[in-house]
Amino acid sequence: MLLRLACKSKPVEQARLVTAAAFKCTVPPPPHNKRQKSFGHHKPPLPSPPPPPPPNVRSTPCCFLSMASGGEGPPATPPRHSNRLAKERSPYLLQHAHNPVDWYPWGQDAFDQARIQDKPIFLSVGYSTCHWCHVMERESFEDEEIAQLLNVNFVCVKVDREERPDVDQVYMAFVQATSGGGGWPMSVWLTPDLRPFIGGTYFPPRDQGRRPGFKTILGRITQQWQNNRSNLESSGNRILEALKKGSAVAGKAGASPPLAPSVAQRCFQELAQSYEEEYGGFREAPKFPTPVNLMFLMSYWSVNGSTSEGLEALRMALHTLRMMARGGIHDHVGQGFHRYSTDSSWHLPHFEKMLYDQAQLAVAYVTAFQVSGEQIFADVAKDILLYVSRDLSDKSGGFYSAEDADSVPTSGGAEKREGAFCVWTASEVERLLGDVAVGASGSATLAEVFMHHYGVKEQGNVAPEQDPHGELRGQNVLIVRYSAELTAARFGISVETLNELLAGTLAKMAEVRKLRPRPHLDTKMLASWNGLMVSAYARVGAALGDESLLERALRAGHFLKEHLWDAERQTLLRSCYRGDQMEVQQISTPISGFLDDYAFIVCGLLDLYEATLQIEWLQWAEELQLRQDVLFWDSAGGGYFSCDPSDTTVLLQLKEDQDGAEPSANSVSAWNVLRLSQYTGRQEWLQRCQKLLAAFSERLTKLPIALPEMVRALMAQHHMLQQIVICGQKDSPDTKALLEAVNSLFLPHRVLMLLDGSSDAFLRELLPALSSMCMQGGVASAYVCQDLTCSLPVTEPKELRRLLLDGIAATQAE
C-alpha cells in the first residue's frame, strides 16, 4: 500500500521530527552502488512518471536504511541458546531459535508480558531468504551484549512476514511514513498496546561515523521510554491516526466504476513512458519481471489490436518476455526465474527464486504463446513449471515458498555467496565440455560453442562495478548473447543441430550443479502462493494440452483442500510446513487465512475448473467466495479488507492498492466475483464487482499503472464476459477438439463451462438458460453467449475458432 497522503500529512511530519530528535543524529547520504544487496522489497517500484527512487537508493533519514535479500545457513556448532521460536515451524523463525535474544512469536503471550513488565516491544520482521535479515541476526541478535540489552529492556517479538502479512503491512506502513523508505529486516518499537513509536530497517551493530549502530539505538530508545515516554506515545498515535486517514480506500454511495477505455488508455500510456526500448521491461534498473504489467499489455492489445497503440502494447510485452528469457534472470541450467535483474539488460540477477514469480511468469509466457504462436514462449512456460515440479514441490502436492540467493561456494569455505550455486568459471565449462562439437567447423569444442552462445568469458562476464563485494569475480552468469541462427552460422551447423548440442550441454551442466551445496529452501507452504501455482499449472496445461501439468494442478487442488482448509470452521489456513520426516505439519494454533489466500485460491479453482471441467472445483470456489465476503467485505466503503476487521491486534484496516510483485487481492477478487457471477447467475456478485471498482476509482483514475490487474478487471466488466458453453462428453474426441480450439486462443473476457449430462446439474440449476443447450446430432456442440444472446451451436473446431476470432475483431472495432 502506498501512503502518499499519510506521508505528506502534518502529524506524520511532526512525529518524524520527534523521532529524529530522539536519536540526535544527522542524515548521511544514502549508500549507492550498482550492486548492493539492498533490494528487500517484494514490491517492485511503480514505473510511474515521475518514478520513485529504486529500492537500493531509498531516501532514508537518520539511521533508517532499507536493505535485504539473501540467506545464511544454520550455526555450524551446537547452539548455546534456545528460545521460544524453537517450537515454531516457520523456517525464518527457526533460523532465530538459538539466538541469545529471548524471542517471542507474535501472539498474546508476548503482549501480556509487555503489559505486565511495562516494557516496549521490539518487533523484528523478515523472511527466511532475506540476506540482510541474516546479516542483522549474525551481527546483532547473536551478539551476547546486544541480546542482553534487548532482553532487559524490551519484549522481543520475531515475525515471518510471509506468515503474517497483516502484521508486516501495518508496521511497514509506519516505517515508510516515518522514514521515507522500507524493507526487510524491519525493526519497529511498539508500546505494550502495539502502537508503533519508532521504526527502521537494518541497523549495523555499532556506530559507523555519523550513523548510530543498533546498540546505541537501543540505549537511546530505553532512555526515551524512561524519560520521554509521553512524547513517544503521542507522536506514534499521531502517525497512526494520519495513516488511518491517508490509507482509506472507499467509494461514495451509489458511485460507479470509472470509464474503462480511458483508464486503460492512461495505464498503457504510463507504461509506455517507463518502457525501456532496448531490452524491454520498465525503468532502467533494477528491473523486475512485473507480470501484471505484461498481462495488462496483452489484454489491452486484445481489445485494441486494430490500433497502433494496441499493436505497440503487444510489441512491448513480447519483446520484454523474449529478453527476459534470454537473460541471466532466467536460469538456463536449472530452469525458473530469479527475483529481478540488477541491471537494465536482464543479465545480473538477484539470485533468489520466489514461488509467486514462477506462477505468474508461467501464465504470462503461455499467454504470449496463445497470442503469437511462437514456440519459445510455450517452451519457457514449461521450463518454469519443470523447475517448480522438481525443486519447489512437496510430495503432498503443495509448493514451497522460495530458494535463497546465497549458498556455500563449491571451492569451499563457510561463508555463503550470492549466486554461488548458479555461476560458472570459464575453466569449469572448458573442462566439462571439452569434447568436439560434432559437425562444427574447425573442430570446435562443445565449450567453444557454449561459451560463444551464452557469453562466457575467461575473466568472467560480470563487470566489477556490478560486483562491489567481489562475490562474482571471475564468474559467469549465463545469458543468451546470440540468436540460434547466428551461433549456428558461426560454427557451420544447422539450427536443429545447435539446439541439440545446447540441450545436451545444459543437461550435463545441470548434473554437475546438483553436486554443489544447495541454497536454503524455505519449505513453508502458503495458501495464497499455492493458489497462484494452481492457476499456472491449470492454464499452461490447458493451453498446451499437457495432461501431466493438469494432473499436477489437480494434486495441488487436493492439497489445498486437505491441508489448508478447516472444514469445521469454514476457514482457510494461511500456511502449513514440511516436517522433519517430510510430513505436512501445522503449528499448534494455525494462522487463519487472509484476503489474498481466499482470492488467489478462488482464482486458482476457477482456472482449475476451466482446465479440467471437474465441477467440484467450481463448487468450492463459490463456497470460498461466500466465506470471503463474510470475513473481509467492507459493506460501507466497498472493496475487501486485507485481513479480518475483527482482529483487534491489527491496528490498521488496509486495502492493498498496488499490483506489484503479486497482484493485489482486491484486483484478483474483482475478477473472481465477475467470473462467478457468470457461473452462478448471482447478480449480487456483479454488483459487488462494481462497488469494488468504484471504491478504487480515484486510484484507477489518477494512477492506473499502480493497478494494472484491476484495470484488466475493469476492462472485463466494461466489455462483459463471454460464456462459452460446450455440450458433450468430457473425454470424447469431438469435445476435446472444441476445447482445444478455445484454449488455443487468448480470450481474457470469457468463462468456459461444460454440459455433459451427468455432472452439470449444479450449473443448470443456477443458470436456467442452459436448459435449452444440448448436443446437435449426437456431436459435441459449442454455444458462445454474451449479454443474454447466444450464437447458433457449432460443431466444428475451426468454425468455433473463427467465431471466437470474429468476436475479438468486433471488440477491437468498437
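Guide: Let us begin with P261, which lies in helix α10 (residues 260–274), helices being DSSP runs of H or I of at least four residues and strands runs of E of at least two, numbered from the N terminus. This is a predicted model, in which local features need pLDDT of at least 70 and side-chain atom pairs count only at pLDDT 80 or more, while totals for chains, interfaces and linings use all residues. Residues are numbered from 1 along each chain as its sequence is written, and side-chain values use heavy atoms, with hydrogens and water left out.

Visitor: What is the relative accessible area of P261?

Guide: P261 has a value of 47% and is therefore partly exposed, a class between buried (under 20%) and exposed (over 50%), with a 1.4 Å probe and protein chains only. From P261 to Y300 there are 39 residues in sequence and 9.6 Å in space, C-alpha to C-alpha.

Visitor: How are two packed helices described?

Guide: One gives the angle between their axes and the distance between the axes. Here α20 (residues 547–563) and α21 (residues 595–612) pack at about 140°, their axes 11 Å apart, and are therefore oblique to each other, the class left after under 35 degrees (roughly parallel), over 145 (roughly antiparallel) and 65 to 115 (roughly perpendicular).

Visitor: And how do strands of a sheet pair?

Guide: They pair through backbone hydrogen bonds, either parallel or antiparallel. In this structure an open sheet of 3 strands runs β8-β9-β12 with antiparallel pairing, where pairing requires at least two DSSP bridges. Because β8 (353–354) and β12 (521–522) each have a single partner strand, one side of each is left without a neighbour in the sheet.

Conventions
Axes fitted to C-alpha atoms, helices over the stretch in contact; angles between N-to-C directions.
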